[in-house]
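Me: Before any particulars are discussed, please show the sequence and the structure. The questions will then ask for the grounds of each description.

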Amino acid sequence: MTVPFIDLQQINSRFETSLQKGWSDVMFSGRYILGDQLTKFELEFASYCGTSSAIGVGSGLDALSLIFESYIHLGRLKPGDKILVPAHTYIASVMSILNCGLFPVLVEPDLKTFNLDFNDLASKYSHDVKAVLAVHMYGQLVDSERLMSFCNKYDLLCIEDAAQAHGAKNFSAVKAGHIGSAAAFSFYPTKNLGALGDGGAVTTDDQDLEELVRQLRDYGRISRSESVIFGVNSRLDEIQACFLSAKLKSLDTDNEKRRIIACRYLEEIENPIVELPYFSKQLDHVWHIFAIRSNFQKDIIHHLDKKGISAMVHYPIPIHRQKVFSPWADLNLPVTDQISRTEISLPISPIMTSAQVDHVISAVNSFTP
Ligand SMILES: Cc1ncc(COP(=O)(O)O)c(C=O)c1O
């Protein structure tokens with residue numbers, strides 16, 4: 001039996017009829033950019049997240065960059081300001097900060113939750129820090145009460161990187177995207193809500209921010225021929241918006257299927273050399289990634305591969321060790337390094353069969369060093 005890490009063809013073929021119809025609706029509408037499909041999806045996604053607005057953009061990276069750029073226009077941030085951001089995240093979180101002339105301060109993750117370590121967050125605070133970019137790693141929300149009390153204490157903007165957390169909720173049932181003052185989502189095809197190409201969105205309750213993101217994503221325009229600020233071209237197109245509307249209807253059911261698989265892994269993987277992920281039952285984790293840890297990372301991946309199972313590492317080269325950030329190579333981030341050396345992402349997706357889940361569990365349990 002083979003278990004791919006993720007089978008996008010199977011995931012999306014479940015939506016074939018609605019995707020075909022969507023394709024044809026868009027094709028015959030003759031309007032391919034900034035049309036009715038995008039307006040419809042933006043309203044649906046905002047309502048899903050509980051925010052007053054959602055703005056569709058070209059990617060998760062653009063969503064993040066446009067939030068920072070907008071806050072600079074609004075005078076809430078200025079170039080050179082420091083932004084606290086987890087060191088254990090996808091490179092886009094950090095690149096978005098640098099894209100806007102801001103300065104990332106890398107914070108260690110918590111070894112149990114993979115999210116921000118609040119002690120390290122507090123120790124990295126200084127007067128020139130003006131915001132926290134909180135990343136909900138692997139689909140589990142950062143502790144929002146502690147996060148907001150930290151941000152409120154120092155009057156910091158709280159921005160969410162919710163690229164991995166569509167539909168995740170905190171203990172008060174507040175969803176990812178509605179915890180900070182603005183949030184960025186990615187609709188990269190492998191995400192829990194994935195497009196058939198690139199895409200992203202900003203969610204917010206702040207009308208000024210919304211207006212700026214709408215202008216910035218479209219050449220800084222306020223009308224067809226009038227640009228008032230320097231912008232970019234980053235618009236979620238009609239086809240992707242239409243596909244995402246169709247898939248959004250199944251997001252909660254798909255997240256529930258991921259949860260069922262995660263519960264089986266948590267209950268049935270019992271190899272003592274493997275550390276299972278911590279999660280709080282009070283939080284609605286959406287299991288974008290099921291991350292285990294072991295000192296035998298490479299051997300386990302090889303063992304699984306021999307049994308037809310694809311596992312991955314998120315992320316094998318931490319940000320401070322990437323060539324593009326070579327001046328940071330000496331930063332002391334031992335927990336981030338440790339996660340890179342030990343993390344293994346097991347297959348998890350809404351179309352996995354229970355036989356495939358059985359196969360993964362028995363393969364992990366049968367590994368001996
Ligand atoms: C945590 C995180 N932030 C940002 C991004 C960037 O999203 P995109 O690839 O759509 O630019 C990703 C995507 O992988 C991500 O996982």
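Reply: The model is predicted, and local features need pLDDT of at least 70, side-chain atom pairs count only at pLDDT 80 or more, while totals for chains, interfaces and linings use all residues. Residues are numbered from 1 along each chain as its sequence is written, and side-chain values use heavy atoms, with hydrogens and water left out.

Me: What makes up the secondary structure of the protein?

Reply: The protein has 13 helices and 11 strands. Helices (H or I, at least four residues) and strands (E, at least two) are DSSP runs, numbered from the N terminus.

Me: How do you know whether the radius of gyration agrees with that of a compact globule?

Reply: The radius of gyration is taken over C-alpha atoms, and the globule rule is 2.2 Å times the number of residues to the power 0.38. For 369 residues the rule gives a value near 21 Å, and the protein has 21 Å, so the two agree. The C-alpha trace spans about 65 × 55 × 40 Å along its principal axes.

Me: Which share of the protein is made up of buried residues?

Reply: Buried residues account for 55% of the 369 residues. Buried means under 20% relative accessible area, exposed over 50%, and partly exposed in between (1.4 Å probe, protein chains only).

Me: Why is Thr-336 called buried?

Reply: Thr-336 has a relative accessible area of 1%, which falls under the limit of 20%, and it is therefore buried. Thr-336 is placed in helix α12 (residues 334–342). Not counting residues up to four places away in sequence, Thr-336 touches Ala-87, His-88, Glu-108, Pro-109, Pro-318 and His-320, where contact means heavy atoms within 4.5 Å.

Me: What makes the pair of Thr-336 and Glu-108 a polar contact?

Reply: A polar contact is a pair of N or O atoms within 3.5 Å; within protein, one must be able to donate a hydrogen and the other to accept it, and residues adjacent in sequence count only if both atoms are side-chain atoms. The side chains of Thr-336 and Glu-108 make such a contact at 2.6 Å, a distance within 3.5 Å.

Me: Is His-166 buried or exposed, and how do you know?

Reply: His-166 has a relative accessible area of 0%, so it is buried. This residue is found in the loop between β5 (157–161) and β6. A polar atom of the His-166 side chain lies 2.8 Å from the backbone oxygen of Ser-186. Residues in contact with His-166, leaving aside neighbours within four places in sequence, include Phe-45, Phe-185, Leu-251 and Val-286.

Me: Why is helix α9 described as largely enclosed by the rest of the structure?

Reply: Helix α9 (residues 238–248) is so described because 10 of its 11 residues are buried. Among them are Glu-238, Cys-242, Phe-243 and Lys-247. The cover over the buried residues of α9 includes α1 (8–13), α2 (16–29), α3 (36–49) and α10 (251–268).

Me: What makes Asp-237 a cap of α9?

Reply: A side-chain oxygen of Asp-237 lies 3.0 Å from the backbone nitrogen of Ile-239, at the N-terminal end of α9.

Me: Why does Asp-198 count as exposed?

Reply: The relative accessibility of Asp-198 is 52%, which is over 50%, so Asp-198 counts as exposed. Asp-198 lies in the loop between β6 (182–186) and β7 (200–204). Leaving aside neighbours within four places in sequence, Asp-198 is in contact with Gly-58, Tyr-188, Leu-236 and Gln-240.

Me: Why does Thr-190 count as partly exposed?

Reply: Thr-190 has 23% relative accessibility, which lies between 20% and 50%, so it counts as partly exposed. Thr-190 also lies in the loop between β6 and β7. Thr-190 and Ile-11 are 179 residues apart in sequence and 9.6 Å apart in space, C-alpha to C-alpha.

Me: What is noted about phi of Asp-155 and of Tyr-219?

Reply: Asp-155 is not a glycine, although its phi is positive at about 55°. Asp-155 is exposed, because its relative accessible area is 63%. Tyr-219, also a residue other than glycine, has a positive phi near 60°. With a relative accessible area of 40%, Tyr-219 is partly exposed.

Me: Which residues does a cis peptide bond join?

Reply: A cis peptide bond joins His-314 and Tyr-315, with omega about 15°. Tyr-315 is found in the loop between α11 (297–306) and α12.
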